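The sequence and the structure are shown below.

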Amino acid sequence: MSDNINTNQLIACQLCDALYEKPKLKQGQIVKCTRCGSTMAERKVNSIERSFYWSMAGLFFLIPAVLLPIMGVTLAGQYHHASLLDCILALIDRGFFMIATLVFLFAIAVPAIRLFGSFYVTYSFKFNKLKPSLLYFFRAFHHLDNWAMLNVFMLGIVVSMYKLLDDTELSINMGLLAFILWLISSTMAASTLDQDYIWQKLEDEFVD
């Protein structure tokens, strides 16, 4: 009995750990585990094209989402409005450096880096500019998946608006629309990116 098993030709179910021979998938095909029924692999349709254009849209909305006022508040006859950047500067002015740093990292820096990363990867595939360094870049990019908190920040905005409605006159500004579009674009760029296809392609090209 031979002990030599080529693990590159196997695929494991992430829920029940069942092992199967790795299939060759075409666009739109899905592999499900016969034991637990979970989805093990999926070849997304036009993944590179869709993720490329969603990333481009996200980068387009990035600047207005950060700089334009998100909402305005009228209290005692005084009107105030603030953008995402204004919120961070206000936290710094009041001495909340740690909170300001966390908001900047998880609401601006990491989502922006992920968008630039997604754009760079899909651009390289779309225009056939693959390099060995892209393999290392994509490994680093993969680790950012769990660190973008745009949806959490959006939830914070909604809760703040709900609490302010009773005591103040609230107005919605263009910054909120840009932020929502930025959130949608970032989410779609990530969800349409077929990471399994990218890993497979990079391994075939640059791993011996």
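Asp17 is placed in the loop between strand E1 (10–12) and strand E2 (19–21); helices (H or I, at least four residues) and strands (E, at least two) are DSSP runs, numbered from the N terminus. The model is a predicted one, in which local features need pLDDT of at least 70, side-chain atom pairs count only at pLDDT 80 or more, and totals for chains, interfaces and linings use all residues. Residues are numbered from 1 along each chain as its sequence is written, and side-chain values use heavy atoms, with hydrogens and water left out.

Although Asp17 is not a glycine, its phi is positive, at about 65 degrees. Asp17 counts as exposed because its relative accessibility is 59% (buried means under 20% relative accessible area, exposed over 50%, partly exposed in between, with a 1.4 Å probe and protein chains only). Asn46, likewise not a glycine, has a positive phi of about 50 degrees. Asn46 lies in the loop between strand E4 (39–42) and H1 and is partly exposed, with a relative accessible area of 43%.

Helix H1 covers residues 47–67. Its 21 residues should span 30 Å at 1.5 Å a residue, and the end C-alpha atoms are 31 Å apart, which agrees; the expected span is 1.5 Å times one less than the number of residues.

At Phe61, H1 bends by about 35 degrees, and Pro64 follows within four residues. The bend is the angle between axes fitted to the seven residues ending at a residue and the seven starting there.

## Buried residues of H1

The buried residues of H1 include Ser47, Ile48, Phe52, Leu59, Phe61 and Val66. Among the elements covering the buried residues of H1 are strand E6 (78–83), helix H2 (84–93) and helix H3 (97–126), where contact means heavy atoms within 4.5 Å.
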